[in-house]
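Welcome, and thanks for taking a look at this one. Please have the sequence and the 3D view open side by side as you read.

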Amino acid sequence: MPVTAVLILAAGTFAIRIAGPLLRDRVTLPDRVREIISASATVLLLALVAVSALTNGKSFGGWALAAGVVAGGLAAWRKLPFVAVIVLAAATTAGLRFLGVA
Amino acid sequence: MLLRDVAAVALGAAVTGASFGAISVGSGLPWWMPVLMSLLIFAGGSQFMAVGVVAAGGSPAAAVLAGLVLNARHLPFGLAVGDVLGNGWLARIVGSHLLIDESTAFAMAQKDPARARAAYWACGVTLFFTWNTGVLVGALAGQAIGDPMTFGLDAAFPAAMLALTLPALKDAATRNAALTGAVIALATTPFLPAGVPVLLALAGLVAFRSTSKKEEPCPSPQS
């Protein structure tokens with residue numbers, strides 16, 4: 001991993017990050033477009049949740065991982081504290097793996 | 001309340017960072033390389049990806065490209081939460097560097113702009129410090145750090161993101177779009193490079209348009 005590669009990845013990532021805030025300044029967006037942009041962030045976040053909960057690389061991520069995220073999701077839905085959501089998710093997955101569930 | 005929630009996510013980030021440092025050094029990189037990457041790139045997924053590509057014998061160019069594709073989602077994130085950064089150019093630059101999944105999700109989960117700004121900055125700054133500290137410790141301690149999968153930390157990240165996304169999903173149009181998008185992302189994951197399926201989820205916004213037009217005859221103040 002040459003330093004040049006790190007610098008290019010860092011610069012490119014920063015350009016991607018700052019593009020959104022800068023573009024937002026330049027143009028005044030109609031309310032409908034704002035709604036769609038706001039929804040798009042939620043769409044991306046839930047897709048990220050689905051992919052990181054159910055897959056590992058290009059294949060299924062295993063039952064222990066899926067069950068942990070489901071446990072955390074149920075806890076969040078039942079309005080348990082955020083910390084409890086995270087601990088429950090991690091503990092469920094870790095516990096199932098300890099018991100030999102992949 | 002907010003700080004406690006941020007601390008929970010930050011703890012997970014620190015341990016995951018430690019494993020990134022350990023894995024990088026284990027793959028033959030000098031200790032300062034993962035540290036430099038974490039400070040300058042500050043996007044965990046793309047860092048793991050880049051180190052993994054090179055460790056598997058791929059070219060640095062392929063590693064950079066894969067990392068950039070994975071980070072492309074930050075552009076729409078910036079469009080969505082860009083106004084919480086602040087107005088000065090310094091706030092804009094520093095705030096943009098802190099634009100990560102977690103800070104976006106924390107900002108989106110707040111009800112008013114002032115709280116969103118506080119949540120964004122609290123999450124971004126805290127995770128910047130804990131992630132980088134974790135990476136440094138992991139790089140120095142090397143293989144003494146355990147596998148974060150043993151602790152189930154790979155479940156902690158999606159669970160935290162899900163909890164932060166739930167309030168926005170109460171809106172039917174948003175929920176339809178997000179569920180459609182999630183199905184698209186999952187269905188395409190086996191066939192496409194990492195990062196692309198999540199971007200394709202944006203096609204789920206088709207469901208957002210059609211449903212909201214049917215179900216909302218008058219404009220609603222709650223979005």
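Predicted model: local features only at pLDDT ≥ 70, side-chain atom pairs only at ≥ 80, totals over all residues.

Residues are numbered from 1 along each chain as its sequence is written, while chains are lettered from A and ligands numbered from 1 in the order in which they are written.

**Chain B overall**
- Chain B has 12 helices and 0 strands, taken as DSSP runs numbered from the N terminus (H or I, at least four residues, for helices; E, at least two, for strands).
- Its C-alpha trace spans about 60 × 40 × 35 Å along the principal axes.
- Of the 223 residues in chain B, 53% are buried, meaning that 20 or more other C-beta atoms, placed from the backbone, lie within 10 Å of the residue's own.

**A helix pair in chain B**
- The axes of helix α2 (residues 32-40) and helix α8 (residues 113-141) of chain B come within 9 Å and cross at roughly 170°, with axes being lines fitted to C-alpha atoms over the stretch in contact and angles running from 0 to 180 degrees between N-to-C directions.
- That makes α2(B) roughly antiparallel to α8(B) (an angle over 145 degrees).

**Where the chains meet**
- The contact takes 77 residues from chain B and 59 residues from chain A, with two residues in contact if their C-beta atoms, placed from the backbone, lie within 7 Å.
- Helix α9 (residues 153-165) of chain B gives the most to the side of chain B that touches chain A, with 12 residues.

How values were computed. Parallel < 35°, antiparallel > 145°, perpendicular 65-115°, else oblique. Buried ≥ 20, exposed ≤ 12 C-beta atoms within 10 Å, placed from the backbone.
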